[in-house]
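Here is a short report for someone meeting this structure for the first time. Have the sequence and the model side by side as you read.

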Amino acid sequence: MKHACLILFLMTAAVALASSTQGRPVTASARSATQLYSQNCSSCHGRDGRARTSKARRNHARNLSDSEWQERVSDERIFNAIMNGKGKMPAYSKKLSQQEIDTLVTFVRGLRK
């Protein structure tokens, strides 16, 4: 599983460097999925996505590793939740680019247990 996550991460990074966002070229300073998740998501959803932090319990954060949830939710729905916020989760549309949010969607998919 760890190898699959590493491969997924490396593929995501390669795609991110080779693509563009809204016509703008991607710079070498584009943050990695791990950095993005750590800086913006892990305080509520936990490093492993299981939402076992005290902040997660207070805010009823989603367990991102839940395989049943992963099965029924689309990438578009995850993207929209990050972009626009949902419940107590803030919107990241002004903080992150669409490409960074796409990267987070891929990262969230890799948290599936």
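Is aspartate 75 buried, partly exposed or exposed? Aspartate 75 is partly exposed, with a relative accessible area of 42%. We return to this residue below, with its salt bridge.

## Overall picture

This is a predicted model. The protein has seven helices and two strands. Along the sequence they follow the pattern α-β-β-α-α-α-α-α-α. Of the 113 residues, 35% are buried. The protein exposes about 7400 Å². Carbon and sulfur atoms supply 54% of that area. Take the contacts between residues at least 6 apart in sequence: 50% of them join residues at least 24 apart.

## Two salt bridges

The structure holds two salt bridges. One joins aspartate 75 and arginine 109 through their side chains. The N to O distance is 2.7 Å. This pair links distant parts of the chain, with aspartate 75 in helix H6 and arginine 109 in helix H7, 34 residues apart. Arginine 109 is partly exposed, at a relative accessible area of 23%.

Glutamate 71 counts as exposed, because its relative accessibility is 57% and the cut-off for exposed is over 50%. Arginine 112 has 30% relative accessibility and counts as partly exposed.

Helix H6 covers residues 75-84. Which of its residues are buried? They are Ile78, Phe79, Ala81, Ile82 and Met83. These buried residues pack against two helices, H5 (67-72) and H7 (98-109). Just after H6 comes glycine 85, with a positive phi of about 80 degrees.

On the surface, Arg62, Arg72, Arg77 and Lys86 gather in a patch of positive charge. One of them, arginine 72, lies in helix H5. Arginine 72 is exposed, with a relative accessible area of 54%.

## Buried residues and their contacts

The contacts given here leave out neighbours within four places in sequence.

Asparagine 40 is in helix H2 (residues 33-40). Asparagine 40 touches Tyr92, Lys95 and Leu96.

Serine 42 is in helix H3 (residues 42-45). Serine 42 is in contact with Tyr37, Arg47 and Thr53.

Leucine 64 sits in the loop between H4 and H5. Which residues does leucine 64 touch? They are Tyr37, His45, Gly49, Trp69, Gln70, Val108 and Leu111. The C-alpha atoms of leucine 64 and glycine 49 are 4.9 Å apart, although the two residues are 15 residues apart along the chain. Tyr37 is touched by leucine 64, and Tyr37 is also touched by serine 42.

| Residue | Relative accessible area | Class |
|---|---|---|
| Asparagine 40 | 9% | buried |
| Serine 42 | 14% | buried |
| Leucine 64 | 8% | buried |

Why do these values count as buried? Buried means under 20% relative accessible area, so 9% puts asparagine 40 in that class.

Alanine 51 is not a glycine, yet its phi is positive, at about 60 degrees. Alanine 51 is in the loop between H3 and helix H4 (54-59). Is alanine 51 buried or exposed? At 12% relative accessibility, alanine 51 counts as buried.

Histidine 60 also has a positive phi, near 55 degrees, in a residue other than glycine. Histidine 60 is placed in the loop between H4 and H5. Histidine 60 is exposed, with a relative accessible area of 67%. Leucine 64 lies in that loop between H4 and H5 as well, but leucine 64 is buried, at 8% relative accessibility.

Note on methods. Residues numbered from 1 in each chain as written. Predicted model: local features only at pLDDT ≥ 70, side-chain atom pairs only at ≥ 80, totals over all residues. Heavy atoms only, no water. Buried < 20%, exposed > 50% of the residue type's maximum accessible area, 1.4 Å probe, protein only. Contact = heavy atoms within 4.5 Å. Patch = residues over 30% accessible without salt bridge, like charges linked within 9 Å, V, L, I, M, F, W, Y side chains within 5 Å. Areas by Shrake-Rupley, 256 points an atom, 1.4 Å probe, with all protein chains shown as cover. Salt bridge = Lys/Arg side-chain N within 4 Å of Asp/Glu carboxyl O. Lys, Arg positive; Asp, Glu negative; His and termini not counted. Charge placed at Lys NZ, Arg CZ, Asp CG, Glu CD.
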